[in-house]
Amino acid sequence: MLVLGPAAVGTLLAFAGTTGGRRTRAAADRAAFPLAVATAAAVLGLAGVVAATRPSASARFLAGAPLGLGVDGLAAVVLVAVAAVVLLVLVFAAADVREARARFAGLMLLFTAAVALTVTATTLPALLLAWEVMGAASYALVGFWWRDETRVGAGTTAFLTTRAGDLGLYLAVAGAVGGGLLGSGTGLRVADLAALPPGWRDVVAGGLLVAALGKAAQLPFSWWLSRAMEGPSPVSALLHSAAMVAMGGYLLLRVEPLLAATGWAATAAAWVGAVTAVALGVVALAQRDLKQLLAASTAAQLGFVVLAAGVGAVTGGTAQLVAHAGVKALLFLVAGAWLTALGTKRLAGLRGAAGIWPLVGGAVIMGGLALAGVPPFALWSTKDAVLHVALETSPALYAVGLLGAALSAAYAGKVLVVVLRRPHGAEQADQVCDVWDDEQPGTREVPRLAQAPLVVLALAALGLAVLGLPPEVGRLAGVLGQEAGAGAGALELAVSGVVAVAALAAVVVAVRADRLPEPAWARAWLGLGAATDAVVRATLRAAEAAARADDGLGRAPAALARGVVGTAGGVGALDDGLDRGVRGAVRGTGGLAGLTTRLDRGVDAAVHGVAGGARRLGAVARSSQSGQLHTYYLQAVVVLGAGGLAFVLYVSLR
């Protein structure tokens, strides 16, 4: 029900909003968000139920490889977090999305179902199915405004980039099958991957690592996050907080035993996460667009989750994942509210924006402080829960991670000082207002319905800090089935807090003095954009060439068939001609035979006539041969008389 419920409702809404008539679509749009919010609330309730009961299920799919679902401690915690964020984002979207509401709500629910399936998948076939549907739904959501080629292109870039990483998941499935897991009776269970033979285990670990890094937007896959900002703001809030990106980090936490068993995969994950936290932190600091800054910070913050999977800090990584989901959903929704109200997301146009709507301003302050890692907000303690284990593993990793934490404070501070700094003087105020409406017409209002989720998420940005504090770390470890550690000590917490406050203060001073460096190479995402776009263009050209070749191959048999048919037609025509000739010859022969028959009959009749006449003459001649002498004398007299008469006539005529 947790998976199929939102999938069924989402499919219904998506089809009703796209395939029906005008009245059907209008009715679907009116009913979309009430139905979607009710479904999301039901999903949250079901998430609580399965988190408490820990059920499992399995269905036949392939021989020896079922579709398996199950809820353990890690899935229970993440499911509740995902469901809560989905509900709050849909409430905000009900006030923010104005067009194609049924299609939007339907796609969001389909996306939610795919994420729920990803979290609960216990076998590789189920994980692969969920992974694919999640990627397809994200493509549809990023390119939601499908009439805009730029936005559709952004969705294509995001889809192809993550697809490149997704190939690793297919490699992992192949490695698991090759390693004999399919015939072992375990059914390709994710929990059994660490038991594979060493060679195959390395193949599976490498494939899963690449797939997870692609979804989590870690280096070198980070650019797709920037392009994904073309989607609606609620999509960004869900995609970059508790879903999609978070699922990359979640997968690595799930397979942490496999990473540890290979050795090299754990080290690679740790260093990729730490380097991404620093590199994308620099990128975020250089951005002049609020959503671009938040996008880069998403990759940087997920770097701590990837680092946690690499060093075996599953408890700290889970706390970071959940806390980041709440904080980042809050900040993206604030960015969306300002974009709708003011028509811009450029920092130059958001100066003093926190003071326009006090509740929105208060929410962004709490979210910004949490993102900065300032005590006592959420990401301060959860980062330290990860860095504590990193320090025990490698001081170098700890140092890089601490630098990433300092950069978190820097880019969060940049946002705070801009939105809190009121423009001085009428001229500067006019300059700020001139930037408004540069992306879309602003409404100049933030509806109360849109403000309600901000209050809940702002409280979460403060309250989720308990997940990383020493008293609660042990309890969370018990829920996750992990070995309970001491957690970060007071000194480590103090050091990270001081670093965050110092970095925040330095940025405030630099921004006020207009001396904050914003290098072009960092603003361009380290050149990842040009490289990724080049690969995407090459991929599309290759796909088009393949399509043309396929069309050509498809036309060749047709042309051959037409040639064969033409040849057959010629042969048929020749055959028809020969047939007509033969039939004509037959008819001519028949006519000649008839004429010959008639001529033969005429000759035959003439012969019979001559013969009959000869017979009759012979009969006459025989009748005169009676044997009587006086008859002979009489015949002689007649003949002589006839002869004399003929002579007289001859003489007289001369």
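User: How is a cavity defined here?

Analyst: On a 1 Å grid over the protein atoms alone, a cavity is a set of points where a 1.4 Å probe fits but cannot get out. The general idea: rolling a probe the size of a water molecule over the atoms shows where empty space is left. This is a predicted model, where local features need pLDDT of at least 70, side-chain atom pairs count only at pLDDT 80 or more, and totals for chains, interfaces and linings use all residues. Residues are numbered from 1 along each chain as its sequence is written, and side-chain values use heavy atoms, leaving out hydrogens and water.

User: Which helix gives the largest share of the lining of the second largest cavity?

Analyst: Lining residues have an atom within 4 Å of a point, and helices are DSSP runs (H or I, at least four residues) numbered from the N terminus. Here α10 gives 4 residues; α4 (101-120), α5 (124-142) and α10 (245-254) each supply at least two. Among the lining residues are Trp131, Met247, Tyr250 and Arg254.

User: And which helix leads in the largest cavity?

Analyst: That is α16, with 5 residues. Its lining includes Trp380, Lys383, Asp384 and Ser496.

Note on methods
1 Å grid on protein atoms, 1.4 Å probe; cavity = no way out; pocket = protein on both sides within 12 Å on 5 of 7 lines; lining within 4 Å.
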